[in-house]
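Subject: The model we talked about

Hi there,

Here is the structure I promised to pass on. Please have a look at it first, and then read my notes below.

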Amino acid sequence: MSESPSAELLTEAATVAAQALAAIAAAGELESLAAVRARYAGKNGALKGLLKAISGVPKEDRPSVGAEVNRLAAHVEAALEARKAILESADAEGPTDPAFDPTLPGTRLPEGSVHPVSIVMDEIRAIFTRMGFDEASGPEVEDAWHNFDALNIPAGHPAREPTDQFFVENGLLLRSQTSTVQIRVMESRKPPLRVFAPGRVYRPDTVDARHLYAFHQVEGLVVDEGISFADLKSCINSFARSMYGIDVVTRFRPHNFPFTEVSAELDVRCPSCGGDDAPRGTPGRCATCGGEGWIEVLGCGMVHPRVLELVGYDPERWTGFAFGLGVERVAMRRWHLDDVRMLEDNDVRFLRQFR
Ligand SMILES: [Zn+2]
């Protein structure tokens with residue numbers, strides 16, 4: 001089927017305009033530019049021919065076809081003028097500065113480096129991606145449902161105190177944990193699922209060597225039929241081996257979180273001192289564990305049946321586990337930083353060490 005006369009003309013106009021623009025860009029001196037101008041925009045040029053051809057298209061198409069051909073012609077005209085200005089100024093400058101030596105090396109630009117928090121985050125991301133987790137994300141400004149209610153933190157719970165949160169307005173707040181993403185994922189997807197969610201969280205802590213008001217967490221969530229605490233342990237232990245080495249020794253300590261039951265914290269035997277007969281609490285004994293022999297890595301637990309119910313999953317059919325870890329804490333231990341503010345200050349003298 002052949003095209004309508006209007007469509008044919010528009011195609012031709014676009015082709016001619018593209019050829020004209022290429023020829024203009026390639027014109028190296030004013031004489032060749034003048035030849036290009038004559039060929040396309042001159043009295044007998046290709047664009048003039050197209051403008052004449054408009055009278056041959058059906059009457060009802062003429063206004064729109066005419067507008068488009070005129071627009072292309074104006075565009076070519078503008079490109080001709082711009083190129084002319086460039087060539088004229090190059091002419092005015094005369095021959096290239098004889099002192100310019102194109103064989104000398106150029107000016108070296110400062111090279112950036114990856115921020116230590118990003119280094120750790122990327123490692124964690126790589127580990128969980130390898131284990132078949134999808135990456136998920138959620139908003140940093142959250143509502144009370146996702147930050148509290150759906151996580152089994154009821155009204156009146158001390159964690160909801162205004163002094164413990166950055167409330168914005170209309171009951172919205174800066175999320176205090178990435179667990180909010182667990183709820184958002186479960187609300188929007190059907191199980192089974194296996195996701196991790198790295199992100200920034202906010203708490204109104206006074207900034208000191210150990211605290212920031214904004215820091216990073218990585219959250220993880222697995223929901224499927226028949227998931228048990230054994231799955232949690234095997235998954236978390238695999239993560240610890242990938243992160244701290246195949247010989248890492250782990251221990252799970254009972255803990256309490258509102259959104260998991262049972263809950264635990266994972267410690268790993270200090271990778272620096274090996275935890276060897278380090279007297280408990282001896283200060284300065286080991287830069288990594290402070291003489292504790294163990295370092296706390298993450299919080300975890302089986303997703304509370306109430307949380308599953310609140311997002312509309314049947315807790316009789318589905319079970320799951322969740323975990324969350326602080327990224328800055330991992331970075332501090334890894335590089336023996338005694339002040340978390342170093343990760344926040346963006347001081348290049350500090351950051352350029354992480355190449
Ligand atoms: Zn140690």
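What follows is a short tour, from the overall form down to single residues.

Two points on reading it come first. This is a predicted model, in which local features need pLDDT of at least 70 and side-chain atom pairs count only at pLDDT 80 or more, while totals for chains, interfaces and linings use all residues. Residues are numbered from 1 along each chain as its sequence is written.

**Overall form**

The protein has eleven helices and ten strands; these are DSSP runs numbered from the N terminus, with helices being H or I of at least four residues and strands being E of at least two. The domain assignment gives domain 1 (5-93) and domain 2 (116-351), with bounds from an automatic or database assignment. The centres of the two domains, taken over C-alpha atoms, are 62 Å apart. The radius of gyration is 33 Å, whereas a compact globule of 355 residues would have one near 20 Å. That radius is taken over C-alpha atoms, and the globule rule is 2.2 Å times the number of residues to the power 0.38. Along the principal axes, the C-alpha atoms fill a box of roughly 95 × 60 × 40 Å.

Of the 355 residues, 30% count as buried. Here buried means 20 or more other C-beta atoms within 10 Å of the residue's own, exposed means 12 or fewer, and partly exposed is in between, with C-beta atoms placed from the backbone.

How many of the eight residues of helix 10 are buried? Six of them are, so the helix is mostly covered: Val327, Glu328, Val330, Ala331, Met332 and Arg333. These buried residues pack against helix 5, strand 6 (214-225), strand 9 (294-303) and strand 10 (318-326).

Helix 5 (residues 116-130) and helix 10 (residues 327-334) pack at about 105°, with axes 9 Å apart. Axes are lines fitted to C-alpha atoms, for helices over the stretch in contact, and angles run from 0 to 180 degrees between N-to-C directions. That makes helix 5 roughly perpendicular to helix 10, the word used for 65 to 115 degrees (under 35 is roughly parallel, over 145 roughly antiparallel, the rest oblique). Helix 5 contributes Pro116, Val117, Val120 and Met121 to the contact, and helix 10 contributes Val327, Glu328, Val330, Ala331 and Arg334; two residues are in contact if their C-beta atoms, placed from the backbone, lie within 7 Å.

**Backbone details**

Most residues other than glycine have a negative phi, and most peptide bonds are trans. Some spots here are worth a look with that in mind.

- Proline 191 and proline 192 are joined by a cis peptide bond, with omega about 5°; proline 192 sits in the loop between helix 7 (179-188) and strand 5.
- The bond from glutamate 261 to valine 262 is also cis, with omega near 0°, and valine 262 lies in strand 8 (residues 260-269).
- Asparagine 152 has a positive phi of about 65° and counts as partly exposed because it has 19 C-beta neighbours inside 10 Å.
- Asparagine 346 has a positive phi near 55° and, with 9 C-beta neighbours inside 10 Å, counts as exposed.
- Histidine 336, which follows helix 10, has a positive phi near 55°.

Happy browsing, and do write back with any questions!
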